[in-house]
Amino acid sequence: MSQWTNQSPEQEKMEQTGRNPFASKWCEAARSAKCPPTLEELLKRVHDLPTLPHAALKVMRMTRGVEVSPREIGDAVSKDPNFAARVLKLANSSYYGLPRSVGTLTEAVMMLGNRTIRNLTIVAATHQTLSQDLPGYDLSANELWKHSIAGAHVAIHLAEAAHYPYTEEAFVAGLLHDVGKLILSIYVRDFTEDIHFFMKNNVCSFVQAEKAVLGFDHGEVGGHIARQWNLPTPLVQAIAWHHAPLQKGQVIPLVGITHLADFVCICAGIGVGTNRVGEDLSDGVLETLNLTRNDVENALTFITEMMDETKDTDAVLLPKAA
Ligand SMILES: [Fe+2]
Ligand SMILES: [Fe+2]
């Protein structure tokens, strides 16, 4: 696979230190010309941070590692009637092949199971937001959504291969890993020329140039959004570090799974946009997860076949029943 090239000394240094060696010098120059905002300034300026329905967050929290009854889940979702209607519509879609249509959330949970409803809830909560076009990242409408849902499926696949116990968390991490792009797209667009100039001069990936020019990348912005949503710390870390999984010489398993899932989706050409250049597999990820390059190839085959099989339908956009 051509993306599996050796890292440059600068990339190695960045992986080891967690800091981009280009960043400070470049940012000084870039800021003096155009002044990109600091991350704090950016977050203060953004008044419309993406939101998640309270009911979706509640279901995620209440089903995390504990058994809850279908009734409890049904009650939590039903508190938000508009959202409950979206979840029910998805549950009744032909993809799940229920023998009859269900009229209540409790019934849907009983027939599909907690795991499927949990994933279906988070999909219903994010579908619209993640489907918008993001010109800064060269993504037209639906492209980020396809990348996100493919990332979620690959993350579960890899979690199972790595015997990582919290597969549901892997699904959510894969789904939400690029959420920071929603906010950053407009700023990236303003600095596109600088980013491309930096990439050309330093032979680096778009994300490295994004961080060097702006001072932060979409992962860090996404981590902030995840914190605002009160998502569990492992999910915040997975979103924030999905492009820099090696932190202080270590890779946290969920961060590694998210990085690898993103890498596989990029290799498969799903919703790639500006990430098409220079994306590489980080050191330490395969070792941490006890996976081999064969496992990565298998994940690539898995998602390529899934996308091919469902080419003319939107079935792949939905979380598969357990
Ligand atoms: Fe990303
Ligand atoms: Fe991504």
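## His218 and its surroundings

In this predicted model, His218 counts as buried, with 29 C-beta neighbours inside 10 Å, where buried means that 20 or more other C-beta atoms lie within 10 Å of a residue's own, exposed means 12 or fewer, and partly exposed covers the range in between, with C-beta atoms placed from the backbone. His218 belongs to helix H14; helices here are DSSP runs of H or I of at least four residues, numbered from the N terminus.

Leaving aside neighbours within four places in sequence, His218 is in contact with Asp178, Gly180, Lys181, Leu184 and Glu210, a contact being a pair of residues whose C-beta atoms, placed from the backbone, lie within 7 Å. His218 and Ile183 are 35 residues apart in sequence, yet their C-alpha atoms are 8.2 Å apart in space.

Helix H13 spans residues 206-214, and because 9 of its 9 residues are buried, H13 is largely enclosed by the rest of the structure. Among these buried residues are Gln208, Glu210 and Lys211, as well as Phe206 and Leu214. Just after H13, Gly215 takes a positive phi of about 95°.

Helix H12 (residues 192-202) packs with H13 at an angle of about 120°, their axes 9 Å apart; the axes are lines fitted to C-alpha atoms over the stretch in contact, and the angles run from 0 to 180 degrees between N-to-C directions. The two helices, H12 and H13, are therefore oblique to each other, given that angles under 35 degrees count as roughly parallel, over 145 as roughly antiparallel, 65 to 115 as roughly perpendicular and the rest as oblique. Asp194, Ile195, Phe198 and Met199 of H12 meet Phe206, Ala209, Glu210, Ala212 and Val213 of H13. The residues of this contact divide into 7 nonpolar, no polar and 2 charged, with Ala, Val, Leu, Ile, Met, Phe, Trp, Tyr, Cys and Pro taken as nonpolar, Asp, Glu, Lys and Arg as charged, and the others, Gly among them, as polar.

## Positive phi in two loops

Most residues other than glycine have a negative phi. Asp138, although not a glycine, has a positive phi of about 60°; Asp138 lies in the loop between helix H8 (114-126) and helix H9 (143-161), and is partly exposed, with 18 other C-beta atoms within 10 Å.

Asn230, also not a glycine, has a positive phi of about 60°. Asn230 is placed in the loop between helix H14 (218-228) and helix H15 (233-240), and is exposed, with 11 other C-beta atoms within 10 Å.

## Basis of the model

Residues are numbered from 1 along each chain as its sequence is written, while chains are lettered from A and ligands numbered from 1 in the order in which they are written. As this is a predicted model, local features need pLDDT of at least 70 and side-chain atom pairs count only at pLDDT 80 or more, whereas totals for chains, interfaces and linings use all residues.

Key. Contact = placed C-beta atoms within 7 Å.
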